[in-house]
Amino acid sequence: MSDQIDLHGFTRIEAIEALIKYYNSRVKKGNLTPFEVIHGYGSSGVGGVLLTRIRGFLSNFPDELEFESGKNKSSINPGSTRIIPKKTIPEAIDLLGEEILDFCENPKTLSKIIGKFHRFDESKVLASIKNLEKQKRLKSFNKGAYKVYQSS
């Protein structure tokens, strides 16, 4: 089994789906050795979209894994992250929730969120928002006369 997964060319959601599948496959086979996730550093000079999203995602599972950024370890490429697995992570990640978090990097009203994700049933969007708030990954607050949501 390879000790790395290369996520170049994946969208944020595809990358997280592939990482979950790869990670859980290793853990279920009893392979708890560290592996490298290659996501690239990005052209902005401050880290790319995949780097930011992958590390943000990984930080939600402190009991299931540890991770080290390439920036902190001279032997690791800054466009990669080293993962030390402990136990499986949830298979049923709310991918709609991940999209909502991306969309809500800047404050958005509920009607804007529902409009953006109109291809999903409104009840599913509302349930996802409620779940993200419960996880403290999405916060709501009043901005003028409107209630808005923003990624935490």
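Tutor: Phe35 is buried, with a relative accessible area of 2%, where buried stands for under 20% relative accessible area, exposed for over 50%, and partly exposed for what lies in between (1.4 Å probe, protein chains only). The model is a predicted one, in which local features need pLDDT of at least 70 and side-chain atom pairs count only at pLDDT 80 or more, while totals for chains, interfaces and linings use all residues. Residues are numbered from 1 along each chain as its sequence is written, and side-chain values use heavy atoms, with hydrogens and water left out.

The rings come next. The structure holds five aromatic pairs, a pair being two rings of Phe, Tyr or Trp (its six-membered ring) whose centres lie within 6.5 Å, with planes under 30 degrees apart called stacked, over 60 edge-to-face, and the rest tilted. One of these pairs joins Tyr22 and Phe35 edge-to-face, at 5.1 Å centre to centre and with 70° between the planes. Because Tyr22 belongs to helix H1 and Phe35 to strand E2, this pair ties together parts that are 13 residues apart in sequence; helices (H or I, at least four residues) and strands (E, at least two) are DSSP runs, numbered from the N terminus. Both Tyr22 and Phe35 are buried. The ring centres of Tyr23 and Phe35 are 6.2 Å apart and their planes stand at 55°, so this pair is tilted. Tyr23, too, lies in helix H1 and Phe35 in strand E2, so the pair ties together parts that are twelve residues apart in sequence. Tyr23 counts as buried at 1% relative accessibility, and ring pairs link Tyr22, Tyr23 and Phe35 into a cluster.

The strand that carries Phe35 is part of a sheet. Four strands form this open sheet, in the order E1-E2-E4-E3 and with mixed pairing, two strands being paired if DSSP finds at least two bridges between them. Its edge strands are E1 (4-6) and E3 (65-69), each of which pairs on one side only. Neighbouring strands are turned by 20° against each other on average, direction ignored; axes are lines fitted to C-alpha atoms, for helices over the stretch in contact, and angles run from 0 to 180 degrees between N-to-C directions. E1 and E2 (residues 35-38) run parallel and are joined by three bridges, and in E2 the bridge partner of Gln4 is Glu36. Helix H1 (residues 12-28) lies across E1, E2, E3 and strand E4 (80-85), and runs at about 170° to E2.

Three strands form it as an open sheet in the order E5-E7-E6, with antiparallel pairing. E5 and E6 stand at its edges with a single partner strand each, so one side of each is left without a neighbour in the sheet. Helix H5 (residues 122-134) packs on this sheet, touching E6 and E7, and its direction makes about 100° with that of E6; contact here means heavy atoms within 4.5 Å. Strand E6 (residues 138-143) pairs with E7 over six bridges in the antiparallel sense, and Gln150 in E7 is the bridge partner of Lys139. Two residues separate the strands in the hairpin of E6 and E7, where Gly144 takes a positive phi near 65°.
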